[in-house]
Amino acid sequence: MIINGFVIVVLLTYLIMLAAFFVPHIRRIHMPVMISIIIFDLCVPFYLFLNGDWGVRLIESGDILSFGVWMHFGMVLTLYILYAVQVHSAIQILKGNKGVKEDHRGQAKAILGLRAFVILTGVSLIDPELPGSGTATVEP
Ligand code: HEM
């Protein structure tokens, strides 16, 4: 397993999300933290795209056909869908609909579990030999 600077930042965001999960009653912490991490997660694909040679990483190496890449991609999409549902239920809570709190809590657990798997599968895909992994070294 390769741990680079970006992986450390992602792991930190996971710990911060976990902390915010346990203090939903402190809305001034819970809401900005969750909104920031959701925005962070939405920006990750752009960051990776701008920082790697994805033509080589996915096409020339044949990785685009690999099970690992598709599994990771599917999990990321599912996470984004859960985020949309979670934001929707948060808006309902803020509007005073207490009935959706249970949904929000259930989805919260799914998000925490799925996000852990997204990070694990993402880290397992880092290949230091290939450009685009963020750890590739340049030959002199
Ligand atoms: C846009 C993002 C989010 C907003 C605006 C938001 C907002 C809220 C609000 C207003 C509450 C009610 C707090 C209270 O009782 O006073 C709440 C509860 C909660 N939220 Fe969030 N939330 C967001 C995302 C998340 C995420 C991503 C998670 C988990 C990973 C999460 C986990 C929870 C939990 C566990 C509760 C407690 C539910 C209960 O009372 O049983 N939230 N949230």
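Reader: How do the residues of the shell around the ligand divide into nonpolar, polar and charged?

Author: They divide into 14 nonpolar, four polar and three charged. Ala, Val, Leu, Ile, Met, Phe, Trp, Tyr, Cys and Pro count as nonpolar, Asp, Glu, Lys and Arg as charged, and the others, Gly among them, as polar. This is a predicted model: local features need pLDDT of at least 70, side-chain atom pairs pLDDT 80 or more, while totals for chains, interfaces and linings use all residues. Numbering starts from 1 along each chain as its sequence is written.

Reader: What surrounds the ligand?

Author: 21 residues do, and the closest are P24, M34, A90, R105 and A108. A residue is near a molecule if its C-beta atom, placed from the backbone, lies within 6 Å of it. Two or more residues each come from α1 (5-21), α2 (27-50), α4 (67-94) and α5 (101-124). Helices are DSSP runs (H or I, at least four residues), numbered from the N terminus.

Reader: Why are α1 and α2 called roughly antiparallel?

Author: They pack at about 150°. Angles over 145 degrees count as roughly antiparallel, so α1 and α2 are roughly antiparallel to each other. Their axes lie 9 Å apart. The contact includes T13, I16, M17 and A20 of α1. By class, the contact has eight nonpolar, two polar and no charged residues.

Reader: What makes W54 count as partly exposed?

Author: W54 has 15 C-beta neighbours inside 10 Å. Buried needs 20 or more, exposed 12 or fewer, and partly exposed is in between. W54 therefore counts as partly exposed. W54 is found in helix α3 (residues 54-60).

Notes:
Axes fitted to C-alpha atoms, helices over the stretch in contact; angles between N-to-C directions. Parallel < 35°, antiparallel > 145°, perpendicular 65-115°, else oblique. Contact = placed C-beta atoms within 7 Å.
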